[in-house]
Amino acid sequence: MKRIFVLAAVFASGFALSAAAQTAATSAPAAASAPAGPPKVAVIEFQAAVTSTNEFQRDFGDLQKRFEPQRTQLKSLSDEVDSLTKQLQAQSDKLSEAEKASKAKSIDDKKKQAQRIAEDAQNDYQQAMQETFGKVAQKINELLNNYAKEQGYTLVVDATEQQQQAPTVLYWAPSSDITKAIVDAYNVKSGVPAPPPSAPSAPTPHAAAPKGPAGR
């Protein structure tokens, strides 16, 4: 069951962002010619900017609701396996070998069923999560390019942690971080209102993956 736990945890966490972020970065348009004057550099946590927008928060909440039936089914199967396992252990000395084998097979069948559901759900969830992230990331990237040109930046560094080939930033002043400015500008442009406080929070690069339906 350990593999089921891992798959369920990945499925529930929503950490399918790195690949989508790489896709968005790859599709970035070429930078315009640098304006005259001293270099002006800005820093942005691109992944955090995308996941902080009202549009992504709304779509992420819809995604969580969409996969709630699979999570509920996995939780139910996990509880059933735990219950059957405890029953078998408690009644072991009172059962015949045939009865114990039958109960053990029933438990094993349910474990395999849960693993199949977890694997299918994980694949579907990761694909849906990448699409959700990528859709907003592409629009954020376009807005970022326009914003950088308007503000006269000659270079914008992505300070997202855990990205592939992350740039090394030796020093940057907090005033150069335009992450919030980009998020605010995008929220205004998209016209999507902020989700209500009860909406599920979008994953962040530093968030720990929550336990899956079966626990760890």
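Tutor: The discussion below concerns a predicted model.

Student: How many helices and strands does the chain have, and in which order do the elements run?

Tutor: The secondary structure comprises seven helices and two strands. Read from the N terminus, the order of the elements is α-α-β-α-α-α-α-β-α.

Student: What share of the residues is buried?

Tutor: A residue counts as buried when its relative accessible area is under 20%. The chain has 216 residues, and the buried share of them is 37%.

Student: Among contacts with a separation of 6 or more, what share joins residues 24 or more positions apart?

Tutor: The contacts considered here are those in the chain with a separation of 6 or more. Residues 24 or more positions apart account for a share of 90%.

Student: How are H4 and H6 oriented to each other, parallel or antiparallel?

Tutor: Two packed helices are described by the angle between their axes and the distance between the axes. For H4 and H6 the angle is about 170° and the axes are 10 Å apart. Angles over 145 degrees count as roughly antiparallel. H4 and H6 are therefore roughly antiparallel.

Student: Is the crossing of H4 and H6 left-handed or right-handed, and which residues make the contact?

Tutor: H4 passes H6 in a right-handed crossing. On the H6 side, the contact is made by Tyr125, Ala128, Met129, Thr132, Phe133, Lys135, Val136 and Lys139. On the H4 side, it is made by Glu55, Phe56, Asp59, Phe60, Leu63, Gln64 and Arg66.

Student: How many aromatic pairs does the structure hold, and what is the geometry of Phe56 and Phe60?

Tutor: The structure holds three aromatic pairs.

Student: Which parts of the chain are tied together by Phe67 and Tyr125, and how many residues apart are they?

Tutor: Both Phe67 and Tyr125 are buried. Their rings form an edge-to-face pair, at 5.2 Å centre to centre and 85° between the planes. Phe67 lies in the loop between H4 and helix H5 (68–91), and Tyr125 lies in helix H6 (residues 97–151), so the parts tied together are 58 residues apart in sequence.

Student: Over which ring does the charged end of Lys40 sit?

Tutor: The charged end of Lys40 is 4.7 Å from the centre of the ring in question. That ring belongs to Tyr153.

Student: How does H6 pack against H7, and what is the hand of the crossing?

Tutor: H6 and H7 pack at an angle of about 110°, with their axes 10 Å apart. That angle makes H6 roughly perpendicular to H7. Val136, Lys139, Ile140, Leu143, Leu144 and Tyr147 of H6 meet Ala181, Ile182, Ala185, Tyr186 and Lys189 of H7. The crossing is right-handed.

Student: Where does Ser176 lie, and which residues does Ser176 touch?

Tutor: Ser176 lies in the loop between strand E2 (155–158) and helix H7 (179–190). Its relative accessibility is 12%, so Ser176 counts as buried. Leaving aside residues up to four places away in sequence, Ser176 touches Val41, Ala42 and Val43.

Conventions:
Residues are numbered from 1 along each chain as its sequence is written. This is a predicted model: local features need pLDDT of at least 70, side-chain atom pairs count only at pLDDT 80 or more; totals for chains, interfaces and linings use all residues. Side-chain values use heavy atoms; hydrogens and water are left out. Rings of Phe, Tyr and Trp (its six-membered ring) pair if their centres lie within 6.5 Å; planes under 30 degrees apart count as stacked, over 60 as edge-to-face and the rest as tilted. Helices (H or I, at least four residues) and strands (E, at least two) are DSSP runs, numbered from the N terminus. Buried means under 20% relative accessible area, exposed over 50%, partly exposed in between (1.4 Å probe, protein chains only). A charge sits over a ring if NZ of Lys or CZ of Arg is within 6 Å of the ring centre and within 35 degrees of the ring normal. Axes are lines fitted to C-alpha atoms, for helices over the stretch in contact, and angles run from 0 to 180 degrees between N-to-C directions. Angles under 35 degrees count as roughly parallel, over 145 as roughly antiparallel, 65 to 115 as roughly perpendicular and the rest as oblique. A crossing is left-handed if the near helix is turned anticlockwise from the far one by less than a right angle, and right-handed if clockwise. Contact means heavy atoms within 4.5 Å.
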